[in-house]
Amino acid sequence: MGFETYMSVALKEAEAAGQRGEVPVGAALVVDGKVIAQAGNRCRELSDPTAHAEMLVIRAACAALGRERIENAALYVTLEPCPMCAAAISNARVARLYYGAGDPKSGGVAQGARVFDHAQCHHVPEVYEGIAAKASAALLAAFFKGKR
């Protein structure tokens with residue numbers, strides 16, 4: 001059985017977020033080969049600085065499953081999670097994190113805060129970076145080019 005990526009779901013959510021005027025980041029949370037939750041950023045729409053795609057899918061998946069931990073989940077996100085989202089990923093006990101583009105400005109996994117490297121981090125997921133990185137970075141570049 002080969003690796004199946006769900007990054008295409010996250011990319012569609014990122015595209016939709018960009019069309020709504022949000023920073024185009026999307027996420028999909030998968031359990032046992034089934035997409036349990038998917039979302040794009042909604043910070044502006046909800047007037048909520050925590051409404052990042054990752055936070056939204058973790059909240060939705062926990063609600064759908066009726067528990068605060070999702071140990072057997074895989075999270076696909078188009079951009080390296082920020083420190084807030086990385087902490088939520090750890091607290092939710094997400095098993096695997098797959099992300100596209102790195103985020104040198106606000107990343108919290110491989111750059112910046114490196115949340116999973118701290119002794120205070122109680123759970124470290126398996127991390128796979130660079131999945132559909134070019135497509136993810138292109139969405140972000142096009143969005144910000146239009147803003148400047």
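Which side chains meet in a salt bridge at 2.4 Å, N to O? They are those of Arg42 and Glu45.

## Basis

This is a predicted model, in which local features need pLDDT of at least 70 and side-chain atom pairs count only at pLDDT 80 or more, while totals for chains, interfaces and linings use all residues. Residues are numbered from 1 along each chain as its sequence is written, and side-chain values use heavy atoms, with hydrogens and water left out.

## Salt bridges

There are two salt bridges, each defined as a side-chain nitrogen of Lys or Arg within 4 Å of a carboxyl oxygen of Asp or Glu.

Glu45 has a relative accessible area of 46% and is partly exposed; so is Arg20, at 32%. Shared partners join Arg20, Arg42 and Glu45 into one network.

## Aromatic pairs

The count is four aromatic pairs, with ring centres of Phe, Tyr or Trp (its six-membered ring) within 6.5 Å; planes under 30 degrees apart are stacked, over 60 edge-to-face and the rest tilted. Tyr98 and Tyr128 are stacked, because their centres are 4.9 Å apart and their planes at 15 degrees. Tyr98 is buried at 7% relative accessibility, and Tyr128 is partly exposed at 35% (buried is under 20%, exposed over 50%, partly exposed in between; 1.4 Å probe, protein chains only). Tyr6, Tyr76, Tyr98 and Tyr128 form one aromatic cluster.
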